[in-house]
Amino acid sequence: MSAPANPATLRLPRLAEADGIVTIHLDGEPVAAKTGESVAAALLAAGHLLLRTTSGGAARGLYCGMGVCWECAILVEGEGVQRACMVEVREGLRLRRLEGREAAR
Ligand code: FES
């Protein structure tokens, strides 16, 4: 999915104005994130709406945003499958989108 023209407008003002910037990696590609935001928020702000696919190939992404639905499941290197909305970004965090059945819990 393409990045929006101005990702900063998708962030809460408190985070858009935050000084801290870290680099996370999604499927090997660097993504700039603001200190204090969740992985889901950082990816959404960068235009990455697709976080995983179902066994039938359907796209999934942020839904509840509060750790309940698991629609945002993503593989966090060294930590296994996590909810993107519940993991805070940190420098060097490596993520991989789950495809098909590997996303099943
Ligand atoms: S969006 Fe529902 S658990 Fe993350």
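**Contacts, core and sheet**

Trainee: Leaving aside neighbours within four places in sequence, which residues is alanine 40 in contact with?
Mentor: With those neighbours set aside, alanine 40 is in contact with Leu62, Gly65, Cys72, Ala84 and Cys85. Two residues are in contact if their C-beta atoms, placed from the backbone, lie within 7 Å.

Trainee: What kind of model is this, and which residues count for its features?
Mentor: It is a predicted model, in which local features need pLDDT of at least 70 and side-chain atom pairs count only at pLDDT 80 or more, while totals for chains, interfaces and linings use all residues. Residues are numbered from 1 along each chain as its sequence is written.

Trainee: How many helices and strands are there?
Mentor: The protein has two helices and seven strands, in the sequence pattern α-β-β-α-β-β-β-β-β. Both are DSSP runs numbered from the N terminus: helices are H or I with at least four residues, strands E with at least two.

Trainee: Back to alanine 40. Which residues touch the most other members of the largest nonpolar core?
Mentor: Ala40 is one of them, together with Ile24, Val39, Ala42, Leu43 and Ala84; the core has 23 residues. Strand S1 (21-26), S2, helix H2 (39-45) and S5 each supply at least two residues, and H2 gives the most, with seven. A nonpolar core is a set of buried Ala, Val, Leu, Ile, Met, Phe, Trp, Tyr and Cys residues joined through C-beta atoms within 7 Å. In soluble globular proteins, nonpolar side chains tend to be buried together.

Trainee: What share of the protein is buried?
Mentor: Of the 105 residues, 28% are buried. A residue is buried if 20 or more other C-beta atoms lie within 10 Å of its own, exposed if 12 or fewer, and partly exposed in between, with C-beta atoms placed from the backbone.

Trainee: Now the sheet. What is the order of its strands?
Mentor: The open sheet of five strands runs S2-S1-S7-S5-S6, with mixed pairing. Its edge strands, S2 (29-34) and S6 (80-83), each pair on one side only. Two strands pair if DSSP finds at least two bridges between them.

Trainee: How many bridges join S5 to S6?
Mentor: Four bridges join strand S5 (residues 73-76) to S6, and the two run antiparallel. Isoleucine 74 stands opposite glutamine 82, and leucine 75 has valine 81 as its bridge partner. Their hairpin has three residues between the strands, and glycine 78 there takes a positive phi near 85°. S5 also pairs with S7 in the antiparallel sense over two bridges, with valine 76 opposite leucine 95.

Trainee: And glycine 92, is that buried or exposed?
Mentor: Glycine 92 counts as exposed because it has 10 C-beta neighbours inside 10 Å. Glycine 92 lies in the loop between S6 and strand S7 (94-96).
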